Amino acid sequence: MMTKRLFLLIFIFSFNASSFETTGMVSLENRYFKNDDNLSTKDQGLAVASRLTLKSDFFGADFTASVKTRVDQLDLTRNISFIEELKLEKTFGDEDDYFFGLGFEKFNWRSTEVFSAVDIINSRNYDGALEDTEKFGELSVSFRKYFESSNLSIFLFPRTKENYIPGGASRLGVGVDIQDSYFVNDSETESDEKQTQFAIKYDQFSNWGDWSLFFTQHFDRQTPIFGNRNYIVDPTRTVCGIEICPLDGTFNTPYYYEVKDLGGYVTIPWEKWIFKGEFLKRDFSEDTKIGTFTGEDTQKDYQQLTTGFEYLYSFESGHDLRIIGEYSRTLGVDDAYSRRRFIFQNDIYLGGQYLLNNSDDTTVDFGFIKDISSGVTESIYLFSYESRLNKGWKINASIRYIDAEKTTDYPQGLEIFEDDHQGQLSLSYYF
Amino acid sequence: MFKHFVVGLSLIYFISENSLADEVSEAKGLEVAKIIEEAGKKFDSDSSDMEMVLVDAYGSSVSRSLRGETLEGSDSNGKSLLEFISPVDVKGTKLLTHSHKVKDDEQWLFLPSLKRKKRISGGARSGSFMGSEFSFEDLSNGSVEKFNFDLINETESEWTLKRVSKKRSGYSKQVMKISKKYSNPTEVEYYNRRGDLLKVAAFSDWKKFIVGKKVFFKAMKIHMKNKLTNKQSIFSWSNRSLGGKVKSSKFNPARLR
């Protein structure tokens, strides 16, 4: 329905457009997981993914529309079509000092590469790389004032959107099909996506480095609680065999809580180094309890910190090696809470990007993520190769090995993806 | 004893004579560099379409196109914005550089597919530019304050100048042949840190521009040959204009989108 509306809008716009620019990508994606001897899950995917982007001038404003679609022949649960961007943007004032934007927008508030505490605005498609998920466009009205080397932005998000969380057939899902989401705020628990959110953000660009500071009141899409708000507590475990008995027998509804976030991020270049930091302080508006497999659960206020560095080493052969190190830590809550809520709680990433700097832009990425908490053995090993085959074609091959063993009946943290090792081969054509 | 005294005196004379000659060639080198720098000033702005052809050691080639704008700043500080037009997978990527007389340049990369504005290290200058034989260092502001100069040779039509970066660099030295007519280099030899000849850049297709009452000559083509890998990169300009009106707001990192 949304896609039809989008194309209708583009059709209308095309009559008023003085110039039209179309770019896009079609990709053949083949992914394999290690066989889990479970007939109900899909160990292989063969998909055609596409992104179509239109840019145009519309009565002096910039119009952009970008839609991404994926159709999988082997795993139909992966079929998806979503808007990345659909927006009108206009600068005005004598020096173009003011900016107004309206429509679906993709935000990228971050300074780090792998972990991010502050990249929190858009809803996402979790059927993909854990450290690099696809983002859905967020409906927003934005107003910005540019200064000499800074800007102040105000955003209104008239409605929110749920994440796409893969169902029971997916190796990247939570094991069961997901029901419609609920958005929990201080009035009541709502299933409606028409929930208003807002943000204010200041960005400063200085000679010594760049920094941003923001405040937002919105619905947390990063750490929903999966459970059921209608339940009875049965300490005797006689009703349903566990302490929490959902009235409809399911624990598969994601609950997104309203939260006030104060955050910031900084990037400091120094000779061949770049140092980065991100900080987020979360203050949840509600503590509505949700019944889950492991007991009653609710959101608690916490802080997240991410730091990192990049170092570029250039070889005389013309090749470059970009070394990347990052550390992510959740503060203010105990380890048990962190493990329930996050895939990465106290983790380091160490890796590199080797650039051959040839005409094909061949790049090899490698690295690992490791939980450094004592008594926890959770790691992801990553390797990917990307190269241009000719003017329009690109090939990408990647391997992801997950080292995490279930320690309880209800896996938490990276344990959810135990043995979900993955290999992917993509052939993409850009036009 | 007297013999030793004479030898010692001769040695002192020889050293002082050489060091005096060194000082003279350094002073002349600096003088020429200042002439060149002065000749390049007051162009106000530079806008052009650019094509870069990358040729590998086996002769196969690919091309990349860019759109570039430069705004002259005060006191050798300049700002430039490069937008990548092709290959299509990187179309819309922008590189904004604020170059400085002495300190490291400030650089930002805008990645349209991620909607991300990324600060990159202006100090990592020896890295390749877009997979070419040009490094960021080759394309950055070569203000006089960043180098030590030596005049190696002078003829009726050209100076030969050696320059050595005062800061860390991918090169041990650069030897430049500078045309007196164009007040610009016509050839630059780049020597790696071991002192071997690494690359040679040849500047050609000179075009005359007039901004106000000042005349500028600009090379419309640079052919860079890597002597160690046999790879080549050819950078050429088209639709180039100097002195046109360019909005300074374009070079504000806050506005990169």
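Author: B:Arg163 has B:Gln174, a residue of S9(B), as its bridge partner. This belongs to the antiparallel pairing of S8(B) with strand S9 (residues 173-179) of chain B, which is made by six bridges. Strands here are DSSP runs (E, at least two residues), numbered from the N terminus, and two of them pair if DSSP finds at least two bridges between them. The model is predicted, so local features need pLDDT of at least 70 and side-chain atom pairs count only at pLDDT 80 or more, whereas totals for chains, interfaces and linings use all residues. Residues are numbered from 1 along each chain as its sequence is written, while chains are lettered from A and ligands numbered from 1 in the order in which they are written.

S8(B) also pairs with another strand: seven bridges join strand S8 (residues 158-165) of chain B to strand S7 (residues 147-154) of chain B, and these two run antiparallel. Within this pairing, B:Trp159 of S8(B) is the bridge partner of B:Glu154.

As for the neighbouring chain, 28 residues of chain B are in contact with 35 residues of chain A, contact being taken as C-beta atoms, placed from the backbone, within 7 Å. The side of chain B that touches chain A comprises eight nonpolar, twelve polar and eight charged residues. Here Ala, Val, Leu, Ile, Met, Phe, Trp, Tyr, Cys and Pro count as nonpolar, Asp, Glu, Lys and Arg as charged, and the others, Gly among them, as polar.

Note on methods
Helices (H or I, at least four residues) and strands (E, at least two) are DSSP runs, numbered from the N terminus. Two residues are in contact if their C-beta atoms, placed from the backbone, lie within 7 Å.
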